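The sequence and the coordinates come before the discussion.

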Amino acid sequence: MPIPELITFFRPFAEDAERLIAEADSLEDKTALRMLYDIFRFPQYADKIQEVPRSTEQIQMFFLVTLCEALYNLYEPENTLGSKKRVNAFFEAFVGDDADFFKYKFQRSIMDDECLGDKGCHLTPDELVTVLYDLRCSFTHEGVNTEMQFSDGEYDTMCTITHQDGKETTYELKATYEDFRSAFIRMGLRCVRAQLATQGANL
């Protein structure tokens with residue numbers, strides 16, 4: 001029987017949520033179901049962090065980026081990639097229709113020299129993953145959680161991020177936390193569908 005809490009969570013993101021969950025639950029290999037639970041749990045961890053005093057939105061991004069790596073490890077359990085390359089591989093495989101969202105909603109600021117130079121303001125997919133992964137790592141390894149802020153829906157935000165190589169770059173975020181959260185959930189569902197396809201599901 002489809003799992004009610006999952007159906008309620010995924011229905012805004014997939015018209016066939018009930019069928020998708022039922023298929024994942026019916027299989028002997030529960031990898032796809034584990035993926036669904038990860039997509040269900042990690043964004044809720046990110047939601048709840050807002051209740052913790054002195055927490056910031058960088059910690060929310062930490063959970064969303066960590067979800068990507070967790071899902072890729074389930075999708076490709078034999079992979080020997082490093083942590084960042086797993087996130088990169090996840091984006092390459094599953095960003096899909098959300099590529100333009102990331103391209104236009106997370107970009108170099110016009111205040112940054114590189115925006116006006118040869119690179120331009122838009123990030124390449126690899127540059128995007130580098131930014132997201134560096135945000136994750138600065139919190140994971142150094143406890144830094146003050147480098148980014150999502151848009152409030154009315155005004156864009158600017159943030160200066162110190163990368164793992166020590167370089168500082170200024171970025172503009174043009175979408176809310178809820179917008180980014182939804183994009184990561186949609187990517188996760190693409191991963192689930194790909195996993196089910198490898199198991200012979202017809203969705």
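## Helix packing and the sheet

Helix α5 (residues 83-94) packs against helix α8 (residues 125-142) at an angle of about 135 degrees, the two axes being 10 Å apart. Axes here are lines fitted to C-alpha atoms, for helices over the stretch in contact, and angles run from 0 to 180 degrees between N-to-C directions; helices (H or I, at least four residues) and strands (E, at least two) are DSSP runs numbered from the N terminus. This is a predicted model, in which local features need pLDDT of at least 70 and side-chain atom pairs count only at pLDDT 80 or more, while totals for chains, interfaces and linings use all residues. Residues are numbered from 1 along each chain as its sequence is written, and side-chain values use heavy atoms, with hydrogens and water left out.

α5 and α8 are therefore oblique to each other, given that angles under 35 degrees count as roughly parallel, over 145 as roughly antiparallel, 65 to 115 as roughly perpendicular and the rest as oblique. α5 passes α8 in a right-handed crossing; a crossing is left-handed if the near helix is turned anticlockwise from the far one by less than a right angle, and right-handed if clockwise. On the α5 side the contact (heavy atoms within 4.5 Å) is made by Ser83, Lys84, Val87, Asn88 and Phe91, and on the α8 side by Asp126, Leu128, Val129, Thr130, Leu132, Tyr133 and Arg136. These residues divide into 6 nonpolar, 3 polar and 3 charged, where Ala, Val, Leu, Ile, Met, Phe, Trp, Tyr, Cys and Pro count as nonpolar, Asp, Glu, Lys and Arg as charged, and the others, Gly among them, as polar.

| Helix pair | Angle | Axis distance |
|---|---|---|
| α5 and α8 | about 135 degrees | 10 Å |
| α3 and α4 | about 170 degrees | 9 Å |
| α2 and α9 | roughly 45 degrees | within 11 Å |

Helix α3 (residues 31-48) and helix α4 (residues 57-75) pack at about 170 degrees, and α3 and α4 are therefore roughly antiparallel to each other. Residues of α3 including Met35, Ile39 and Phe42 meet residues of α4 including Phe63, Leu64 and Leu67. The residues of this contact of α3 with α4 divide into 13 nonpolar, 3 polar and 2 charged.

Helix α2 (residues 17-26) and helix α9 (residues 177-198) have axes that come within 11 Å and cross at roughly 45 degrees, which makes α2 oblique to α9. The crossing of α2 and α9 is left-handed. Leu20, Glu23 and Ala24 in α2 meet Leu189, Val192, Arg193 and Leu196 in α9, and the residues of this contact divide into 5 nonpolar, no polar and 2 charged.

Leu189, which lies in helix α9, counts as buried at 3% relative accessibility; buried means under 20% relative accessible area, exposed over 50%, and partly exposed in between, with a 1.4 Å probe and protein chains only. Not counting residues up to four places away in sequence, Leu189 touches Phe10, Phe13, Ala14, Leu20, Leu36 and Ile39.

Turning to the strands, an open sheet of 3 strands has the order β1-β3-β2, with antiparallel pairing, two strands being paired if DSSP finds at least two bridges between them. β1 and β2 stand at the edges, each with a single partner strand, so one side of each is left without a neighbour in the sheet. Neighbouring strands of this sheet are turned by 35 degrees against each other on average, direction ignored.

Strand β3 (residues 168-173) is mostly covered, with 5 of its 6 residues buried. Strand β1 (residues 106-108) is joined to β3 by 3 bridges, with Phe106 opposite Leu173 and Arg108 opposite Tyr171. Strand β2 (residues 157-162) is joined to β3 by 6 bridges, and Thr157 stands opposite Leu173 in β3. β2 and β3 form a hairpin with 5 residues between them, and Gly166 in the turn has a positive phi of about 90 degrees.

Finally, Asp113 is found in helix α7 (residues 113-116) and is exposed, with a relative accessible area of 69%. Asp113 and Thr170 are 57 residues apart in sequence and 9.0 Å apart in space, C-alpha to C-alpha.
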